[in-house]
Amino acid sequence: MQSDADFRAHLQAAVLPVLEPLEARRKGIVRKLTAGSLAIGGASLGLGGWLAGRAEAGAPLLVALVVGALLIAGLVALLTHGFVQDFKNAVIAPIVAFVDPTLQYAPRGCIPQWEFQRSGLFKQGIDRYRGEDLVTGTLDKTAIRFSELHAEYKTTSTDSKGRRRTQWHTIFRGLFFIADFNKHFSGQTVVLPDAAQRFLGRLGQALQNMNMARDQLVKLEDPEFEKEFVVYGTDQVEARYILSTSLMRRILEFKRKMRVSIHVAFVDSSIFLAIGTGRNLFEPRLFRTLLDEKLLSEFLNDVRMATGIVEDLNLNTRVWTKE
């Protein structure tokens, strides 16, 4: 792995020359956004006052706030159009290349929905699906691809006055990672966070067995692993074969290092990891200077986190050969 000094040299050579003009653009966007938001805020208050004077208006302040929020969101989209993509091409792409020159980066690309669903990690039907920041390549012997994803479903309800309300709920938001496992699986094995066991003890175990949306519950010989995860599979023998003592230990250590929820699946000849980051990894911060080495190091660490899964799970060690 390259040193911090190597990264600073890379920044000086490949990033800073294009970052300074982007910083000037960012400052201009912030000035326009501030002025526009103040103008919209004033207009919204005026609209609220006008509506309040009309007897038929139900919730004038709320209406004004909603209108103002929509206008500000539209202003942000208008002012930042093109800026985010230019930033990613100028900053994120060279950082990905620094981690490994063979990796390919597509800011607008993502893992397709059919692959996300092929993992079997999330059973909820998807009503809205989007993603970005696709990275693909081969690290040593292991082909990988990952991107940020946000999958959602919606619910619709009707209140006592007949008004319909639609709500969006997140199924998964975070980094979705796929790698070649160098082994053809005849079935499917999924490793999920085990909230039921952790909080409900034996009752949680009973609920795991009753999970009708999943395959067979797989019991393993690692109590520490089973406190954190629950495993379901189509083939008990294959699931135990895949989840060796060393692999369970590596998954457990990776989860503790990340300090977020992770889901793992073994399907066909691939391993899938869904890592709930809870944040947007590779975006510029409008209200923070781009000329900040700490911020750029955060982007580097996020790329290294994703590519480091290969080493964390020892994927380059060919335990099996494909049949």
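**Close-up views of a predicted model**

View 1. Of the 65 residues in the largest nonpolar core, V91 and F266 touch the most other members. Helix α3, residues 83–99, gives the most to this core: nine residues. A second, separate core has 22 residues, including F122, L149, I178 and L192. The model is predicted.

**View 2. The surroundings of F266.** Neighbours within four places in sequence are left aside here. F266 is in contact with F181, F185, G187, Q188, T189 and V191, among others. Its list of contacts also includes I242, L243, L247 and I271. One of its contacts, L247, is a buried residue of helix α9.

View 3. Helix α9 covers residues 245–258. At 1.5 Å a residue, its 14 residues should span 20 Å. The end C-alpha atoms are 20 Å apart, which agrees. Which residues of α9 are buried? They are L247, M248, I251, L252, F254 and M258. Seen down the axis of α9, these buried residues fall within an arc of 160°, so they line one face of the helix. R259 follows α9, and its phi is positive, near 60°.

**View 4. D140 in a loop between two strands.** D140 sits in the loop between β2 (128–139) and β3 (142–158). Is D140 buried or exposed? Its relative accessibility is 61%, so D140 counts as exposed. The cut-off for exposed is over 50%. D140 is not a glycine, yet it has a positive phi of about 60°. Most residues other than glycine have a negative phi.

**View 5. N314 after the helix α11.** N314 is placed in the segment after α11 (309–312). N314 also has a positive phi of about 60°, although it is not a glycine. At 31% relative accessibility, N314 counts as partly exposed. The partly exposed class lies between the buried cut-off, under 20%, and the exposed cut-off, over 50%.

**View 6. H169 on strand β4.** H169 lies in strand β4, residues 164–180. Its relative accessibility is 25%, so H169 counts as partly exposed. What does H169 contact, leaving aside its neighbours within four places in sequence? The contacts are A151, E152, Y153, K154 and T155. H169 and T155 are 14 residues apart along the chain. Their C-alpha atoms are separated by 7.9 Å.

**View 7. T307 in helix α10.** T307 is found in helix α10, residues 293–307. At 9% relative accessibility, T307 counts as buried. Leaving aside neighbours within four places in sequence, T307 is in contact with V99, L103, L139, I144 and F146. Of these contacts, V99 falls in helix α3, residues 83–99.

**View 8. The whole protein, for orientation.** The protein has eleven helices and nine strands. Buried residues make up 45% of its 323 residues. Of the contacts with a separation of 6 or more, 69% are between residues 24 or more positions apart. The protein exposes about 17000 Å², and carbon and sulfur atoms supply 55% of that area.

Key
Residues numbered from 1 in each chain as written. Predicted model: local features only at pLDDT ≥ 70, side-chain atom pairs only at ≥ 80, totals over all residues. Heavy atoms only, no water. Helix = DSSP H or I, 4+ residues; strand = E, 2+ residues; numbered from the N terminus. Buried < 20%, exposed > 50% of the residue type's maximum accessible area, 1.4 Å probe, protein only. Contact = heavy atoms within 4.5 Å. Areas by Shrake-Rupley, 256 points an atom, 1.4 Å probe, with all protein chains shown as cover. Core = buried A, V, L, I, M, F, W, Y, C linked by side-chain atoms within 4.5 Å. Expected span 1.5 Å × (residues − 1). Arc of directions from axis to C-beta.
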